[in-house]
Amino acid sequence: MRAFLVEGPGKGELVEVEEPRPGHGELLIAPAVVGLFGSDVELLMGRRPPAYVRYPTIPGHEWAGYVLASGPGVFGFPPGTAVVGIARTAGVSGYIGDGA
């Protein structure tokens, strides 16, 4: 799959990355749209506070898409379910809602 990888301030490129596999309690989502916000631009420009940055990273913390697969312990989100999410700084989605 393709992703925009920021390797450091001013260093970003579209790259091929290995498709992740959902772990326990996780969903694998095919993004339909991803929002890039001011914080993402600050990340690319090297202007984010160091406490919030770990390079390399893939920006885009607000998104909508469809469930591809679910890991063990996940129920109620069959493949094809429309979902939205807002990721927090720890990289864990703070909200996933049924897009129906």
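Where is aspartate 40 found, and which residues is it in contact with beyond its neighbours in sequence?

Mentor: Aspartate 40 is found in helix H1, which covers residues 38–45. Keep in mind that this is a predicted model. The protein chain has 1 helix and 6 strands, and along the sequence they follow the pattern β-β-β-α-β-β-β. Of the 100 residues in the chain, 20% count as buried.

Aspartate 40 is buried, yet it has no salt bridge. A salt bridge would need a side-chain nitrogen of Lys or Arg within 4 Å of a carboxyl oxygen of Asp or Glu. The nearest side chain of opposite charge belongs to arginine 48, and it is 7.5 Å away.

What the side chain of aspartate 40 does reach is backbone. The backbone nitrogen of phenylalanine 37 is at 2.8 Å from that side chain, and the backbone nitrogen of glycine 60 is at 3.4 Å.

Isoleucine 29 is in strand E3, residues 27–35. Its relative accessibility is 19%, so isoleucine 29 counts as buried; the cut-off is under 20%. Not counting residues up to four places away in sequence, isoleucine 29 touches Trp63, Gly65, Tyr66, Val67, Leu68 and Val83. Isoleucine 29 and serine 70 are 41 residues apart in sequence, while their C-alpha atoms are 8.9 Å apart in space. For the chain as a whole, among contacts between residues at least 6 apart in sequence, 51% join residues at least 24 apart.

Threonine 81 lies in the loop between strand E4 (62–70) and strand E5 (82–87). Threonine 81 counts as buried because its relative accessibility is 14%. A polar atom of the threonine 81 side chain lies 2.7 Å from the backbone oxygen of proline 78. For aspartate 40, the backbone atoms reached are the nitrogens of phenylalanine 37 and glycine 60.

Conventions
Residues are numbered from 1 along each chain as its sequence is written. This is a predicted model: local features need pLDDT of at least 70, side-chain atom pairs count only at pLDDT 80 or more; totals for chains, interfaces and linings use all residues. Side-chain values use heavy atoms; hydrogens and water are left out. Helices (H or I, at least four residues) and strands (E, at least two) are DSSP runs, numbered from the N terminus. Buried means under 20% relative accessible area, exposed over 50%, partly exposed in between (1.4 Å probe, protein chains only). Contact means heavy atoms within 4.5 Å. Lys and Arg count as positive and Asp and Glu as negative; His and the chain ends are not counted. A polar contact is a pair of N or O atoms within 3.5 Å; within protein, one must be able to donate a hydrogen and the other to accept it, and residues adjacent in sequence count only if both atoms are side-chain atoms.
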